Amino acid sequence: MTKSLRMRHRATWLGSCMLLGIAASQAHAMEAASPPSLIPLPSSYHATGGKEFVLGRAAQVGGNDEAARRAAAQFVWLLAQNGGPTLAVAENAGKAQIRFRLDPSALNTAEGYRLKVSNTGIEVSAGDDVGLFYGAVTAAQLLTGDNPGRVAAADIDDTPRFRWRGLMLDSARHFQSMDEIRKLLDAMAQHKLNTFHWHLTDDQGWRMEIKRYPKLTEVGSCRVPLGDAGRDPATGKARSYCGYYTQEQIREIVAYAAQRHIQVIPEIDVPGHATAAIVAYPELGATDKPLVIDNQWGVFPNLFNTEESTLRFLENVLLEVIDMFPARYVHVGGDEAVKDQWIASARVQAHMREVGARDEMEMQSHIIKRLETFLEQHDRRLIGWDEILEGGLPPEATVMSWRGTEGGLKAASEGHDVVMTPVTHMYMDYLQTGSPDEPPGRPTTIELKKAYEFEPVPAELAVDKRQHILGLQANMFTEHTRNDRNLEHNLFPRLAAVAETGWSPQEKRDFSGFLQRLPRQLQRYRAMGIRYAQTPFQVDMHDKGNRAAGTATVTLDNPLGYAVHYTLDGSEATAASPRYTQPLQVGLPTQVRAAAFFEGKPLAAANRFAITADSLLVRDDTRLDLCPGDGKLLLRLEDDGPADGERAIFNVNIFSPCWLWQDADLTGVNAVKVRAGRIPYNFQLAHDEPSRKFVPARTAHGELEILADCKGTPLVSLPLPAAPGADGFIELEAPLPATAAHADLCIRFTGDTRPDLWTLDWIKLEAAR
């Protein structure tokens, strides 16, 4: 399916040579007045006032021993990745302009380092390899800063605030290539992040080879997607979505991460999120119902059973996991385990009585304690989502608090170590702006500022318990993230905000200062080939028109508050164009071009908006609101086809398919035209299912209805066909009875249409001419 109508058009992405360059003299003046553009901000930066260091063409890098020489080689790689020159490693460290020195007395903190810039060069010293590496990261940023190749004289003493600075990647829902994993690890290293939490098993796929149980990947790593995506376009036959990492590949990733001082924490979900494993080995399940690898998203009822044989299976899996992953921690999930199957199983209920579990949560706790003991016997520590607190938790277990900070507060107060990763601030699959150009994602918007301002240590936590907060972690679940481009969009630049929160002193964090340093980081992203989100740096437009008067009020906005410049005559927007300060009153038709600028250069391509009398009569789904009433779960969903390539995106309330056009101008309008598509309804909602509301259908396949002010008799009620057209869409037209000059229009589809879902593409009001 392909959307045929969009009201905005994008200019071509500007070349990097036009972006963010500033004159050397201007950059030098900025450096003298403020810290350079480092992310994360170091704990201590002191400008010494001496002559700056200028990187010459023949500059060399060196180290005073083997560890320092390793750091020197890593610095060469980091500098080149950031867009700097490729330097040579000197055989004689005394002749090097950038020097690394292992010195146990340099800075007596884990991961800390000291960096000194003088006119003769840059010197980094640290007590261990990790500190030298992070000093190399900072040195590479200094040399690719506001004035590339020139660094102001300064002293930096730096050490991280938290020891757990993490990113979780879900490879179960959608699978990433080895190259993409390596690319993310490179980016983590550049942000001084040190923990890669790898989500490798779930209902939709088992992605890790376990030699003792080959069916986990032979069977459990493939699913057939719903709709067009699951059919070969040439033959019409089923088309599987598959992928897993061999043990050799996993070891390769672990070694690659270790070179960048990143620990890799595997996650094997227990007892829920287990469908793929149960399909591979049905005896592991708690239901006799035949299962398939799920091609839907949401919360599923399928749990591992509680049999001794199943617990031994899990322990055997963990043995191979321990052999592959040398990190101290192993994540066992524990979240969203709906207990309906356990409640209905006579065998599970009997087993609960045998072990003395009073309810199903205590039964889950029994399993978690069993696995915790097993891991302790193999010199590992168990970590799980905050649900593992329910029913009791072994004292050595660590809690990852995702449902907010409350679970982390409770766990830390009870003496458990905690990683804060709340869904409210740290979920990178949530949209980051309100732009219609955001890729598919979950409904809540986690703006860059919200991610940046998250504080991992709750104010209510007693002072003597605060050491239990190990740090924070960004989570990247991938239900709605089908490709690497969207993955990188979701992660960057928000991962820079997470990195600064994890590393920099709380009292030094300042969002406005972060925004001043961010544009240079974007340049480094481009050098690394990271396809970071453009939406926070673009300009959004809202218009409210008066068709009778032939005028419109235009509001322009940049989500991060960078300066917006615009034109109304069709010319390109530049820093010399008028700066937007208040809503614009324009005549129709008008072509608006607008871009956000920093230091006189555009942060992203200019947006173009055509505002005409006809455009005021059209709204697509991205410019409509949710209808009033209960039952709201807005998702930004991708279409199911084509099998390859770009797909349409829809904003849909899956609890109630209804869209609201607020204050629609109906003056002279006598008809309406609607384009709608149909996509698979691929959601398992578990106990939230009753929230899904269906307006009863009156005809065989339901109706399209349009109501004034969302109440009363519909102005329009058209029967829907049994199926859309060959392209997956339908277009419906109907006369619109006379009503008030302005009204809130609700556009909805009636009937329970599952396993499919009608969704609105656009609505157009037609006026008599």
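Tutor: Start with accessibility: buried means under 20% relative accessible area, exposed over 50%, and partly exposed in between, with a 1.4 Å probe and protein chains only. By that scale Cys710 counts as partly exposed because its relative accessibility is 23%. Note that this is a predicted model, in which local features need pLDDT of at least 70 and side-chain atom pairs count only at pLDDT 80 or more, while totals for chains, interfaces and linings use all residues. Residues are numbered from 1 along each chain as its sequence is written, and side-chain values use heavy atoms, with hydrogens and water left out.

Student: Which cysteine is Cys710 bonded to?

Tutor: A disulfide is a covalent bond between the sulfur atoms of two cysteines. Here the test is a pair of cysteine sulfur atoms within 2.5 Å. Cys710 forms a disulfide with Cys746, the sulfur atoms being 1.5 Å apart. The two cysteines are 36 residues apart and link distant parts of the chain: Cys710 is in the loop between strand S40 (703–708) and strand S41 (716–719), and Cys746 is in strand S43 (residues 742–749). Strands (E, at least two residues) and helices (H or I, at least four) are DSSP runs, numbered from the N terminus. Cys746 is buried, with a relative accessible area of 3%.

Student: How many disulfides are there by this rule?

Tutor: The count comes to three. Counting bonded cysteines along the chain, the pattern is 1-2, 3-4, 5-6. Cys222 and Cys242 form one, with sulfur atoms 2.0 Å apart. Its S-S torsion is about 120 degrees, so this disulfide is right-handed. Cys627 and Cys658 form another, with sulfur atoms 2.1 Å apart. The link of Cys627 and Cys658 is left-handed, with -75 degrees about the S-S bond. Both Cys627 and Cys658 are buried.

Student: What should I look for in a helix such as H11?

Tutor: An α-helix has 3.6 residues a turn, so residues three or four places apart point the same way. Helix H11 (residues 360–377) has 18 residues and reaches 26 Å from its first C-alpha to its last, close to the 26 Å expected at 1.5 Å a residue. That expected span is 1.5 Å times one less than the number of residues. The buried residues of H11 include Met363, Ile367, Leu371 and Phe374. Among the elements that cover the buried residues of H11 are helix H8 (308–324) and strand S20 (381–385). Just after H11, Asp379 takes a positive phi of about 60 degrees.

Student: Where do the nonpolar side chains go?

Tutor: In soluble globular proteins, nonpolar side chains tend to be buried together. A nonpolar core is a set of buried Ala, Val, Leu, Ile, Met, Phe, Trp, Tyr and Cys residues joined through side-chain atoms within 4.5 Å. The largest core has 174 residues, and those with the most contacts inside it are Phe75, Phe100 and Leu556. Helix H3 (residues 129–143) gives the most to this core, with nine residues. Apart from it lies another core of 43 residues, among them Trp758.

Student: Which residues does Leu556 touch?

Tutor: Contact means heavy atoms within 4.5 Å. Not counting residues up to four places away in sequence, Leu556 touches Val539, Asp540, Met541, Val564, Tyr566, Tyr580, Leu584, Val592 and Ala594.

Student: How many salt bridges does a search of the whole structure find?

Tutor: Side chains of opposite charge can pair when their charged atoms come close. The rule for a salt bridge is a side-chain nitrogen of Lys or Arg within 4 Å of a carboxyl oxygen of Asp or Glu. The search finds 54. In one of them, Arg517 and Glu500 meet at 2.8 Å, N to O. Arg517 lies in helix H16 (residues 511–528) and Glu500 in helix H15 (residues 494–503), so the pair ties together parts that are 17 residues apart in sequence.

Student: Are Arg517 and Glu500 buried or exposed?

Tutor: Arg517 counts as buried because its relative accessibility is 7%, and Glu500 counts as buried at 0%. Compare another bridge, in which Arg698 pairs with Glu705, the closest N and O atoms being 2.7 Å apart. Arg698 is exposed, with a relative accessible area of 55%, whereas Glu705 counts as buried at 1%.
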